[in-house]
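Visitor: Please pick out one part of what is shown here and go through it closely. I would like to see how that part sits in the whole.

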Amino acid sequence: MIKVEDLSDIYEVRRLGRADVPAVLALCRGNPLYYEYCPPRPSKEGILQDMSALPAGKGKEDKYYLGFFSGGNLAAVTDLILGYPKKGTVWIGFFMMDQALQGQGKGSRMIAEACSFFSEQGFERVELAYARGNEQSSHFWRKNQFLETGRQVSCDGFTAVVMGKWLEKKSS
């Protein structure tokens, strides 16, 4: 278990639940380009499903569906799975910033803080996937030092390109 509030020095970070679905839905709907490459379009039902979805072999204790808040407003959403696809790795299943906050370096700062935190927690690597063809996503992750692994996975309606980043070891 991780202390999610320690993921950021700038944002209030907490687990998201059913009461947060309207805010998550609004944030997602504000990013239509993402859904052109990675269907389906956002819905209340889809968000509720995502909040509990787990890969095979993982339990609820490994899943963190989180919101980053600033002044009480949802600034970003992320879905993390610890120890996936293997021990020592954190999987970012989803990361999305409020459209109004994009292009200001805030998302990169969140990812840098999270990677530093994961390293301090003993994780060695962070992996994720983006929808092939979505150059905005590809650019963002490359800018944050994620590299393609060479793996691609066929999903319903798109191909996911897997990327990863080795974390700097923190000296004690």
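Guide: The mean positions of the 22 positive and 20 negative charges of the chain lie 2 Å apart. Lys and Arg are counted as positive and Asp and Glu as negative, while His and the chain ends are left out; a charge is placed at NZ of Lys, CZ of Arg, CG of Asp or CD of Glu. The model is predicted, with local features needing pLDDT of at least 70 and side-chain atom pairs counting only at pLDDT 80 or more, while totals for chains, interfaces and linings use all residues. Residues are numbered from 1 along each chain as its sequence is written, and side-chain values use heavy atoms, without hydrogens and water.

The chain has 5 helices and 7 strands, in the order β-α-α-α-β-β-β-α-β-α-β-β. Its radius of gyration is 15 Å, close to the 16 Å that the globule rule gives for 172 residues, so the chain is as compact as a globular protein of that length. That radius is taken over C-alpha atoms, and the rule is 2.2 Å times the number of residues to the power 0.38. Helices (H or I, at least four residues) and strands (E, at least two) are DSSP runs numbered from the N terminus. Of the 172 residues, 47% count as buried, where buried means under 20% relative accessible area, exposed over 50% and partly exposed in between, with a 1.4 Å probe and protein chains only.

The part to look at is helix H4, residues 106–120. At 1.5 Å a residue its 15 residues should span 21 Å, and the end C-alpha atoms are 21 Å apart, which agrees; the expected span is 1.5 Å times one less than the number of residues. The buried residues of H4 include Gly-107, Met-110, Ile-111, Ala-114, Phe-117 and Phe-118. Their cover includes strands E2 (63–70), E3 (73–82), E4 (89–97), E5 (125–131) and E7 (158–166), and helix H5 (135–143). Just after H4, Gly-122 has a positive phi of about 95°.

Glu-113 has 12% relative accessibility, so it counts as buried. Apart from neighbours within four places in sequence, Glu-113 is in contact (heavy atoms within 4.5 Å) with Leu-7, Ser-8, Asp-9 and Ile-10. The C-alpha atoms of Glu-113 and Ala-76, 37 residues apart along the chain, are separated by 14 Å. Over the whole chain, residues 24 or more positions apart account for 58% of the contacts with a separation of 6 or more.
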